[in-house]
Number of protein chains: 2
Amino acid sequence: MHSPELLKGTLQTILLKVLKDNGRMYGYEITQLVKELSAERILLTEGALYPTLHKLEAEGMLKTEVVTIGKRVRKYYSLTPEGRSLVKERVNELIAFIKTMGNVLQVELN
Amino acid sequence: MHSPELLKGTLQTILLKVLKDNGRMYGYEITQLVKELSAERILLTEGALYPTLHKLEAEGMLKTEVVTIGKRVRKYYSLTPEGRSLVKERVNELIAFIKTMGNVLQVELN
DNA sequence: CTTATATACATAATTCACTTATGTATTAGT
DNA sequence: ACTAATACATAAGTGAATTATGTATATAAG
């Protein structure tokens, strides 16, 4: 498990990017995918996940579609066009940040 | 300038690593070096810098030496042996985190 | 010579993205 | 029948940062 402090500031980027790569997904599904992609090292908490999804939706970055499976409700999220621009921005920002850290810490990152 | 949120959790690592690479340094000197190494993209604020240096000192990771230049006081910081182990840990932790992010976001980091 | 900027430290108040805790309800496995 | 997994949501609390403020010396510019 990575230090939660390091995770700070990366949650929006993660959500937007997995939605870009995988089309529409629902909250719980995202937690499972991120868990898998990170080899158990990033375990998204619901207290952070849902409020962030709601926020991105309120900002018009995500749109939702509620689907009922039996008696169970799933809320699918997908990117809006504005969300699509935001992903690129956020991912580039993170890559730039990581490169800067490489320079400051004088380490190779590959 | 990088998003301050991304910086969170990296400050201790930065301080420890520049002290490891450059021997003893004082606070203001660290801010200038980090500014230079990051091409103006990481500007350490005093409100974060000094309390963090004090905390690392209190934990026995750093030792200090006060030097008077004219009427000006400088507080030099350097790593203790325990600080030296901590740097390695912290840098490895950050590298691991960055690799995980690369996997989750499916991006190349070099 | 005086005014602004840079150097150099320090700490208190505030912010905000997260964690932790709690709640509700359905579905599947044993 | 019970437990764990699935699936959502929100309120309370935390802590590392930002912002603001304070003190003081040194230097450059006009």
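**Note on the predicted protein–DNA model**

1. A residue counts as near a molecule or strand if its C-beta atom, placed from the backbone, lies within 6 Å of it. Residues are numbered from 1 along each chain as its sequence is written, and chains are lettered from A, with ligands numbered from 1, in the order in which they are written. Local features need pLDDT of at least 70 and side-chain atom pairs count only at pLDDT 80 or more, whereas totals for chains, interfaces and linings use all residues.

2. The surface near DNA strand C draws at least two residues from each of α1 and α4 of chain A and from each of α3 (27-37), α4 and β3 (72-79) of chain B. Of these elements, α4(B) gives the most, with five residues. Helices (H or I, at least four residues) and strands (E, at least two) are DSSP runs, numbered from the N terminus. By class, this surface holds nine nonpolar, nine polar and ten charged residues; Ala, Val, Leu, Ile, Met, Phe, Trp, Tyr, Cys and Pro count as nonpolar, Asp, Glu, Lys and Arg as charged, and the others, Gly among them, as polar.

3. Around DNA strand D there are 28 residues, of which Y26(A), G27(A), G47(B), A48(B) and G70(B) come nearest. Two or more residues each are given by α3 (27-37), α4 (46-58) and β3 (72-79) of chain A and by α1 (4-7) and α4 (46-58) of chain B. The largest share, five residues, belongs to α4(A).

4. The contact between the protein chains takes 30 residues from chain A and 30 residues from chain B, two residues being in contact if their C-beta atoms, placed from the backbone, lie within 7 Å. On the side of chain A that touches chain B, α5(A) gives the most, with eleven residues. That side has 15 nonpolar, nine polar and six charged residues.

5. In chain B, three strands form an open antiparallel sheet in the order β1-β3-β2. Strands pair if DSSP finds at least two bridges between them, and two bridges join β1(B) to β3(B). Y26(B) has Y76(B) in β3(B) as its bridge partner.
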